[in-house]
Amino acid sequence: METMMILIIGVLVVVATYLLLSKNIIRIILGTALLSHAVHLLILTIGEVKKGDVPLLKETPGPYTDALPQALILTAIVISFGVTSFILVLAYRAYAQNKTDDMEEMRGDEHE
Amino acid sequence: MKINDLILRTVVQFVVFIVLTIAIYLFFAGHYTPGGGFVAGLVLASAVVMLYISFDTDTVRKGLPLDFKIVAAIGVTLALLSGILPMLFGQPFLKMSSMNIQFPLIGEKTLATVMIFELGVALTVVGVVMTIILSISEGSDD
Amino acid sequence: MNNLIVLPLILPIFIAVILIFFRQQIRIQRILTFSTLLLLIIVNIYLLIQVKVNGIQVLQFGGWEAPFGISFVADAFAMLLVLTTSIVAFLCMIYAFSSLGETFEKMFVYPLVLLMIGGINGSFLTGDLFNLFVCFEVMLLASYVLITLGGGKERLRESIKYVVINVLASWFFLVGLAMIYGTLGTLNMAHLAQRVAEVNQGPLLTTIALLFLVVFALKAGLLLFFWLPGSYRVPTTPIAAMFGALLTKVGIYAIFRMFTLIFPLETNITHTLIGVMAIATIIFGCFGVMGFKDLRQIVAYNVIISVGFVLLGLYANTTESLEGAVFYLMHDMLIKALLFLMIGTIIYITGRTSFDEIKGLIHQFPLFGWLFFIMMLSLAGIPPLSGFIGKLLIGQGLIDKGAYIAIGIGFLSSVIVLYSLLRIFLKSIFGEATYNQKFKTKIPKMMLVPMVTFGLLTLVLGVGAEIMMPYVEDAARVLTNPEIYINAVLNP
C-alpha cells in the first residue's frame with residue numbers, strides 16, 4: 001500500500017511540476033493545487049496507512065490509527081483551499097487588468 | 001435565453017432540506033465519529049450554492065438576506081470566544097469542558113463546550129465558501 | 001501556565017474580526033486598531049519583564065501536556081521580537097491613518113494588518129512546528145491580500161509572483177513536516193530537540209534540516225530572494241514598511257530557532273551552508289543597492305543585505321554573535337520600517353521614484369532631511385546609534401570563529417549601504433533646490449510623528465543599550481543552551 005501511495009505522490013508531483021513550469025496562469029494554479037494534494041497524501045502515508053481503531057475511545061486492544069496526520073491534513077487542506085481560491089480571484093483580476101494570462105507577458109518591463 | 005429548469009427547481013426545493021439535515025447530523029456526529037463543524041459547514045454551503053444555481057441571485061438574496069462576510073466574522077468570533085472564556089475562569093486557553101444533560105424525548109446526552117467552537121467553525125466555513133463563490137461568479141460582469 | 005502569552009496572537013485576531021462588523025465606520029476602525037496595538041505593546045513589555053524575572057513562560061493549549069498538545073513558549077528572544085513587532089505595527093498604523101485614504105480603509109485594511117500581526121506574533125511564540133506553519137499561513141494570507149489592495153496592473157502582476165512563490169515555499173514546509181513527523185514521531189519543538197539529541201543528527205535528519213533551511217530561506221530572502229524586490233516595491237508605503245520590517249524577520253527567526261534548538265549538532269554542514277548563503281546574499285544585495293536608481297528597489301535590496309548580515313551571527317554561533325544577532329534584529333525591524341516610511345514619503349512628496357529626478361528636499365523639509373541623515377547613519381552602524389552594537393557583537397563573534405572573509409564582507413557591506421543612501425542623501429535631500437510645482441509643499445504632521453519616533457527609538461536603543469542588554473543576553477543564553485528551552489516546555 002505504501003509503495004502504491006508513494007508512486008501516486010510521485011506522479012502528482014511530476015504533473016504539478018510540469019503545470020507549474022507552463023506559462024498559462026490557470027495551469028500554474030492547477031499545479032499548486034495538485035502539489036498540495038501530493039503533500040496531503042504524503043502526510044497520510046507517513047502516518048502509516050493501516051486499518052486501525054479510533055484511539056482512546058474504543059475498548060478494543062488495538063491497533064489504533066495515528067490520528068494526528070489526519071488533523072494535520074485537514075488543516076493543510078483548509079489552508080490550501082483558502083489560498084487556491086484567493087489566487088484564482090487574483091488571477092482573474094490580473095487577467096482583467098493586464099489583458100493577458102501569459103506569465104511571459106506579465107514579466108514587467110522597466111526593472112527586470 | 002430562458003432555460004427550462006422546472007425539474008431542477010422542484011427537485012432542489014426538496015433536496016435542500018435533505019442536505020440541511022445531513023449537515024446537522026454531521027455536525028453532531030463529529031464529536032466522536034467522522035464529521036464535525038468543518039464538514040457540516042461545507043455541506044451547509046453546498047445547500048446554499050444549490051439554491052443559487054437553480055434560482056437566480058436576486059431571488060435567493062431576497063429569501064436569505066445575509067452578508068456572508070458577516071456570517072464568517074460571527075463564526076470566528078464564536079470560535080475565539082469559546083477559547084477565551086476559559087481564560088476568565090483561570091483555565092488554560094482553549095480548555096474545553098463537558099456536562100451530561102437530561103433532554104426530553106432523546107434522553108441523557110453529553111454536551112461539550114467544543115460544540116460552540118465547532119459551531120463557529122461551521123459558520124466560518126459557510127461564510128467563507130459563499131463569499132468566495134459569490135465573488136468569483138459576480139466578477140464576470142466587470 | 002500563563003494565559004497572557006496567548007494574547008499577542010489572540011488579541012489582534014479577535015479585534016480584526018470585530019472590525020469586520022464596522023466596515024463603514026472608519027473612525028471606530030482607527031480607534032480600535034490604535035488602542036489594540038497600544039495595549040499589545042503594554043502587554044508585551046509586561047511579559048518581557050516577566051520572562052526575565054521568572055524564566056521562560058509556557059502555555060499548554062486546552063491543558064494538554066507538552067508533547068501532545070500545542071504549546072506556546074515565550075522566551076526572551078521571542079518576546080523581544082514580539083515587542084518590536086508591536087511597536088513597528090503601532091507606528092506604521094499611525095502613519096497609515098493619515099496616508100491611506102478612504103477606499104483602502106473600507107477594504108478591510110486594518111483587519112488584515114491585525115491578522116498579519118497576529119500571525120507574526122504566533123510564529124514567534126509557538127512551540128510547535130505545525131503550529132508555526134499555520135501561523136505562517138495566517139500571516140501570509142493576510143499579506144497576500146494586503147499586497148494586492150488597491151489593484152493596478154503592476155501590483156496585481158507582482159502579487160501573483162509573490163503568492164505563487166510562497167505557496168511553493170509552504171509546500172516544501174509541509175513536505176519537511178511530513179518527513180520530520182515520519183522520522184521522529186513528534187512535532188513539538190522541544191520534544192523534537194530532545195529526540196534529535198537522543199538519536200544523534202544523522203544524514204537523514206540533516207537532509208530534513210536542509211529542506212527546512214530552503215523553506216525558511218525562501219521566506220526570509222536568504223539567497224533565494226529573487227521574489228523580494230518585486231513584491232516589496234508594490235504595496236502602499238505603511239504596508240510596505242511593515243512587510244520590509246517584519247515579514248523577512250519571521251523567516252530569520254525560524255532559521256535561528258531551527259538551527260539553535262532542533263538541529264544544532266551538525267554545524268559543519270548546516271551552519272557553514274548558512275554562512276555561505278549569508279555571504280552570497282550580502283554580495284548580491286550590495287550589487288542591487290548600487291545598481292538601481294529606483295528608490296523602492298534600493299530599499300528592497302537593503303532588506304536583503306541585512307538578512308545576510310544577521311545570519312552571519314548564526315554562522316559564527318557564539319554567545320556574543322547570537323547576542324549581536326538578536327540586537328541587530330530588533331534594530332533592523334525599527335530602522336527598516338523607518339527607511340521604508342521615509343522613501344515612501346519622498347515618493348509621496350515628489351511623485352517620482354528615481355532619485356536623480358529629485359533635488360534639494362532639505363530646504364523645504366529640514367526636519368525630514370536630518371531625520372534621513374540619522375536613519376542613514378544608524379543603518380550603516382555608526383555609533384552611538386542602534387546599528388552599531390549589533391554589528392560590533394556579530395563582528396566579535398566572527399573574529400572568535402576566525403571567519404575573516406565573512407567579517408570583511410560584512411563590514412564592506414556597511415560601507416556600501418552607507419554609500420547607497422549617501423547617494424540619495426546628497427542628490428535628492430541635500431543638493432540644490434529646484435522649484436517644481438508638482439511637488440507637495442507639506443508633509444502631514446501625523447506622517448512625521450511616527451518617523452520622528454522611529455528616529456528617537458533608534459537613538460534610544462543605541463544609547464540605552466545597557467537597559468536592553470540583560471534581555472538580549474537572556475535571549476542568547478536560551479539560544480546557546482537549548483536544554484533551558486526543552487526543560488521549560490517538557491518538565492514544568
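Helices (H or I, at least four residues) and strands (E, at least two residues) are taken here as DSSP runs, numbered from the N terminus. The model described below is predicted, and for that reason local features need pLDDT of at least 70 and side-chain atom pairs count only at pLDDT 80 or more, whereas totals for chains, interfaces and linings use all residues. Residues are numbered from 1 along each chain as its sequence is written, chains are lettered from A and ligands numbered from 1 in the order in which they are written, and side-chain values use heavy atoms, with hydrogens and water left out.

The annotated regions are described first. UniProt positions are given in the numbering used here, with feature names shortened, and the annotations may be inferred rather than shown by experiment. For chain B, an unreviewed UniProt entry lists residues 6–28, 35–55, 70–90 and 111–136 under "transmembrane region". Residues 70–90 of chain B are 90% helix and 0% strand, with 31 Å between the end C-alpha atoms. For chain A, the "transmembrane region" label in an unreviewed UniProt entry is given to residues 6–21, 28–47 and 67–92. Of chain A, residues 28–47 are 95% helix and 0% strand, with end C-alpha atoms 29 Å apart, while residues 67–92 are 96% helix and 0% strand, with end C-alpha atoms 38 Å apart. In chain C, UniProt (unreviewed entry) places the feature "domain: NADH:quinone oxidoreductase/Mrp antiporter transmembrane" at residues 127–416, and over these residues the chain is 80% helix and 0% strand, with 38 Å between the end C-alpha atoms.

Of the 24 residues of H3(C), 22 are buried, where buried means under 20% relative accessible area, exposed over 50% and partly exposed in between (1.4 Å probe, protein chains only). H3(C) is followed by Gly101(C), whose phi is positive, near 90°. Helix H19 of chain C (residues 465–480), with 16 residues, should span 22 Å, and its end C-alpha atoms are 21 Å apart, which agrees. Among the buried residues of H19(C) are Met468(C), Tyr471(C), Val472(C), Asp474(C) and Leu479(C).

Asp294(C) lies in the loop between helix H12 (270–291) and helix H13 (295–316) and is buried, with a relative accessible area of 7%. The side chain of Asp294(C) reaches the backbone nitrogen of Arg296(C) at 2.9 Å. Thr186(C), in the loop between H7 and helix H8 (189–199) of chain C, is also buried, with a relative accessible area of 4%. The C-alpha atoms of Thr186(C) and Pro67(C) are separated by 7.2 Å, although these residues are 119 residues apart along the chain. Ile18(C), found in helix H1 (residues 7–21) of chain C, counts as partly exposed at 22% relative accessibility. The C-alpha atom of Ile18(C) is separated by 8.3 Å from that of Pro111(C), 93 residues apart along the chain.

Grid points are joined across faces, edges and corners, and a volume is the space filled by probe spheres set on the points. Four cavities of 30 Å³ or more were counted, and the largest cavity has a volume of about 200 Å³. The largest cavity is lined by 17 residues, with Ser36(A), Ser80(A), Val167(C), Ser170(C) and Trp171(C) nearest its centre. H3(A) gives the most to this lining, with six residues.

Note on methods
On a 1 Å grid over the protein atoms alone, a cavity is a set of points where a 1.4 Å probe fits but cannot get out, and a pocket is an open set with protein on both sides within 12 Å along at least five of seven lines; lining residues have an atom within 4 Å of a point. The expected span of a helix is 1.5 Å times one less than its number of residues. A polar contact is a pair of N or O atoms within 3.5 Å; within protein, one must be able to donate a hydrogen and the other to accept it, and residues adjacent in sequence count only if both atoms are side-chain atoms.
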